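Take a walk through this model with the structure open beside the text.

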Amino acid sequence: VTKTVLVDVKTKSRSNYWQAILRDCLPIALSIGWVIWAFGFQGTENPWVEPYANYMIPIIYGAWYVIELITFPVNPKRKAIQDLIAKTVLVRHEWN
């Protein structure tokens, strides 16, 4: 559908599983945390948890989104933060 392929920056070959996991582990973990937070776990009365800790997942998720919005247009190669972390790049590829 998108006619793109994820490749390693150094070797110019397809990325490996480790790079794919590294590229998407934080957004997936934040999404899971957001779902848990959204279904009511933010209001639990736990004396060991500071009150501000209830809102850490939405704050971190929002910060990640802002970092994504900043790094993509600012980077001269138009790479997003997850591409910089995993040392990958999306390139256009025509499938035969």
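A nonpolar patch on the surface is made of Y55, M56, I59 and I60, and together these residues have about 380 Å² of accessible area. Patches take residues with over 30% relative accessible area and no salt bridge; nonpolar side chains (Val, Leu, Ile, Met, Phe, Trp, Tyr) are joined within 5 Å, like charges within 9 Å. Accessible areas come from the Shrake-Rupley method with a 1.4 Å probe, and for residues only the protein chains shown count as cover. A salt bridge is a side-chain nitrogen of Lys or Arg within 4 Å of a carboxyl oxygen of Asp or Glu.

Y55 sits in the loop between helix 1 (17-38) and helix 2 (56-74). Its relative accessible area is 46%, so Y55 is partly exposed. The cut-offs are simple: buried is under 20% relative accessible area, exposed is over 50%, and partly exposed is in between (1.4 Å probe, protein chains only).

A word on the source. This is a predicted model: local features need pLDDT of at least 70, side-chain atom pairs count only at pLDDT 80 or more, and totals for chains, interfaces and linings use all residues. Residues are numbered from 1 along each chain as its sequence is written, and side-chain values use heavy atoms, with hydrogens and water left out. The predictor's confidence in each residue is its pLDDT, from 0 to 100. For the chain the mean pLDDT is 82, and 83% of the residues reach 70 or more. Among the elements, helix 1 has the lowest mean pLDDT (85), while helix 3 (residues 81-86) has the highest (89).

Now the overall layout. The chain has three helices and two strands. Read from the N terminus, the order is β-α-α-α-β. Helices (H or I, at least four residues) and strands (E, at least two) are DSSP runs, numbered from the N terminus.

How do the strands sit? Strand 1 (residues 4-8) is largely enclosed by the rest of the structure, because four of its five residues are buried. Strand 1 runs antiparallel to strand 2 (residues 88-92), and five bridges join them. Two strands pair if DSSP finds at least two bridges between them. Within this pairing, T4 stands opposite R92 of strand 2. In a regular strand the side chains alternate between the two faces of the sheet.

Next come the charged side chains. Side chains of opposite charge can pair when their charged atoms come close. The count here is two salt bridges. Which residues does R23 pair with? One partner is D24, with the closest N and O atoms 3.9 Å apart. D24 counts as partly exposed because its relative accessibility is 32%. R23 is at 13%, so R23 counts as buried. The other salt bridge joins the side chains of R23 and D83, at 2.8 Å from N to O. R23 lies in helix 1 and D83 in helix 3, so this pair ties together parts that are 60 residues apart in sequence. Both R23 and D83 are buried. Through shared partners, the salt bridges join R23, D24 and D83 into one network.

I21 lies in helix 1. Its relative accessible area is 52%, so I21 is exposed. I21 and A86 are 65 residues apart in sequence, and their C-alpha atoms are 8.6 Å apart in space. A38 also belongs to helix 1. At 45% relative accessible area, A38 is partly exposed.

K12 is in the loop between strand 1 and helix 1. Its phi is near 60°, a positive value in a residue other than glycine. K12 counts as exposed because its relative accessibility is 61%. K87 is in the loop between helix 3 and strand 2. K87 is not a glycine either, yet has a positive phi of about 60°. At 48% relative accessibility, K87 counts as partly exposed.

Last, the chain as a whole. Buried residues make up 23% of its 96 residues. The chain exposes about 7,600 Å², and carbon and sulfur atoms supply 67% of that area. Of the contacts (heavy atoms within 4.5 Å) with a separation of 6 or more, 61% are between residues 24 or more positions apart.
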